[in-house]
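Please look at the sequence and the three-dimensional structure shown below. Keep both in view while reading the explanation.

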Amino acid sequence: MRTLFMLCWLLWGGLTSIAMAQTQTSPTDMELETGIKMGPQVEGQTFTYSTGGETYEGYLARNAGDNEPRPAVIVVHEWWGLNDYIRARADQLAALGFVALAVDMYGDGQVAAHPDQAGEFSSRVMQDWPSARARLEAAMMSLHEHPWVAKDKGMAAIGYCFGGGVVMNMALSGMPIKAAISFHGSPTQAVSNPQSFDGVVQIHNGAQDPLVKRDALMAMAQTLEAQGAEVEVINYPRATHGFTNPFADEVGEQFDLPLAYNAAADASSWQAALLTLDRVLNGN
């Protein structure tokens with residue numbers, strides 16, 4: 001089953017600086033002088049937490065230009081580990097008004113360089129769900145205590161491939177999140193004793209994905225519905241595994257994996273996810 005937990009990595013982001021002739025003008029001065037408002041000032045930092053004697057290195061992103069506490073979103077990485085692609089997704093959420101924590105499911109910030117290693121890492125996590133849940137709970141508890149987080153808004157979780165499977169199992173185990181959103185995630189059930197869950201589960205799936213079996217996907221959706229979840233499964237025509245990642249084709253060719261980017265499915269699934277997050281966390 002480990003081949004279900006596939007995704008590729010992507011380098012995102014970059015910072016630009018503006019040189020002003022003769023004098024340097026701060027963003028605040030620029031606003032006063034020109035009336036131009038500054039956009040989100042996204043900042044990221046290492047977020048360390050511990051459980052079971054192990055240390056985990058997550059990535060926390062927020063809008064430093066916003067002094068108000070904001071709702072939190074947990075971001076769970078693909079089978080490669082917490083890499084730049086997932087950090088970039090956390091940055092995007094921060095720019096949109098959330099406090100985003102990309103969690104480290106492997107410990108010490110480990111990132112796999114080859115599918116064999118990635119499969120070993122991800123399989124180990126899913127075969128020991130109690131330990132995986134403990135890691136997620138430790139991250140959520142630390143995040144909940146952070147002054148940037150609006151404690152009365154609750155939390156949501158999104159995940160990609162392996163991470164998509166993780167967030168579906170978070171809902172299945174009744175963890176305290178308002179929504180679990182999966183992008184081309186594995187529907188493998190790791191939870192042996194499903195619990196009630198009254199939140200939203202949104203599953204974005206490639207209609208042509210050979211790694212996600214339709215029967216397994218629908219079985220997961222039905223199990224979640226039986227536990228009280230509001231479940232929505234969206235299949236994207238002509239989309240296969242890894243459809244949210246622009247470098248999917250390149251990595252698929254490198255490792256002979258059935259991966260491909262689909263711009264339409266990426267844009268549509270992201271928009272649907274944002275609308276759900278806004279609804280459940282902001283009440284809009």
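The following paragraphs treat confidence, the sheet, the helices and the nonpolar cores in turn.

This is a predicted model, in which local features need pLDDT of at least 70 and side-chain atom pairs count only at pLDDT 80 or more, while totals for chains, interfaces and linings use all residues. Residues are numbered from 1 along each chain as its sequence is written, and side-chain values use heavy atoms, with hydrogens and water left out. The pLDDT is the predictor's confidence in each residue, from 0 to 100. The chain averages a pLDDT of 90, and 88% of the residues score at least 70. Over residues 1–26, however, the pLDDT is below 50.

Helices (H or I, at least four residues) and strands (E, at least two) are DSSP runs, numbered from the N terminus. Eight strands form an open sheet with mixed pairing, in the order E1-E2-E4-E3-E5-E6-E7-E8. Two strands pair if DSSP finds at least two bridges between them. Strands E1 (42–51) and E8 (230–236) stand at the edges with a single partner strand each, so one side of each is left without a neighbour in the sheet. Within the sheet, strand E3 (residues 72–76) and strand E4 (residues 99–103) run parallel and are joined by five bridges. Val76 stands opposite Val103 in E4.

Which residues of helix H7 are buried? In this helix (residues 248–255), they are Ala248, Val251, Gly252 and Phe255; buried means under 20% relative accessible area, exposed over 50%, and partly exposed in between (1.4 Å probe, protein chains only). Seen down the axis of H7, the buried residues fall within an arc of 105°, so they line one face of the helix. The arc is that of the directions from the helix axis to the C-beta atoms. An α-helix has 3.6 residues a turn, so residues three or four places apart point the same way. On the other side of H7, Glu250, Glu253 and Gln254 are exposed. The buried residues of H7 pack against helix H3 (115–126), where contact means heavy atoms within 4.5 Å. Asp256, with a positive phi near 55°, follows H7.

A nonpolar core is a set of buried Ala, Val, Leu, Ile, Met, Phe, Trp, Tyr and Cys residues joined through side-chain atoms within 4.5 Å. The largest has 53 residues, of which Val103, Met105, Leu143 and Met170 touch the most other members. Beyond its neighbours within four places in sequence, Val103 is in contact with residues including Tyr49, Ile74, Leu82 and Leu136.
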